[in-house]
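Student: I would like to learn how to read a few features of a structure from its atoms. Could we take them one at a time, with the general idea before the case?

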Amino acid sequence: MTTITIQEAKDQLSELIHRLSPGEEVVITEDDRPVARLVLASLPPEPRLVPRLGTLRGMVLSMEHFDDPLDDFEEYTK
């Protein structure tokens, strides 16, 4: 944790922001009392990839008689 005065923060604000790493904080003081904390904002989530239609064409096997009743269970369906 880094501690700096308000005047130093004014002079170096952009430098401080670019130097921050995730989880690090800078405490800004006035008259040796902490008055503010500077922390890195959470990064936006990575954009979700949108699946492209048709990319799995030919990969799924669909049998011609898939929905037909099974011969072994014919006596239970009557």
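Tutor: Let us begin with a salt bridge, defined as a side-chain nitrogen of Lys or Arg within 4 Å of a carboxyl oxygen of Asp or Glu; here the side chains of arginine 37 and glutamate 25 meet in such a bridge, at 3.2 Å from N to O. The pair links distant parts of the chain, with arginine 37 in strand E3 and glutamate 25 in strand E2, 12 residues apart, where strands (E, at least two residues) and helices (H or I, at least four) are DSSP runs numbered from the N terminus. By this rule the count comes to one salt bridge. This is a predicted model, in which local features need pLDDT of at least 70 and side-chain atom pairs count only at pLDDT 80 or more, while totals for chains, interfaces and linings use all residues. Residues are numbered from 1 along each chain as its sequence is written, and side-chain values use heavy atoms, with hydrogens and water left out.

Student: Is arginine 37 buried or exposed?

Tutor: Buried means under 20% relative accessible area, exposed over 50%, and partly exposed in between, with a 1.4 Å probe and protein chains only. Arginine 37 counts as exposed because its relative accessibility is 60%.

Student: How do E2 and E3 run, and how many bridges join them?

Tutor: Two strands pair if DSSP finds at least two bridges between them; E2 and E3 run antiparallel and are joined by six bridges, and valine 27 has arginine 37 as its bridge partner in E3. In their hairpin, which has two residues between the strands, aspartate 31 takes a positive phi near 55°.

Student: Which residues make up the largest nonpolar core?

Tutor: In soluble globular proteins, nonpolar side chains tend to be buried together. A nonpolar core is a set of buried Ala, Val, Leu, Ile, Met, Phe, Trp, Tyr and Cys residues joined through side-chain atoms within 4.5 Å; the largest one here has seven residues, namely Ile4, Ala9, Leu16, Leu20, Val26, Ile28 and Leu38. Helix H1 (6–19) and strand E2 (25–30) are the elements that give two or more residues to this core.

Student: What is threonine 29 in contact with, beyond its neighbours within four places in sequence?

Tutor: Contact means heavy atoms within 4.5 Å, and with those neighbours left aside threonine 29 touches Thr3, Ile4, Thr5, Ile6, Pro34 and Val35. Threonine 29 lies in strand E2 and counts as buried because its relative accessible area is 10%.
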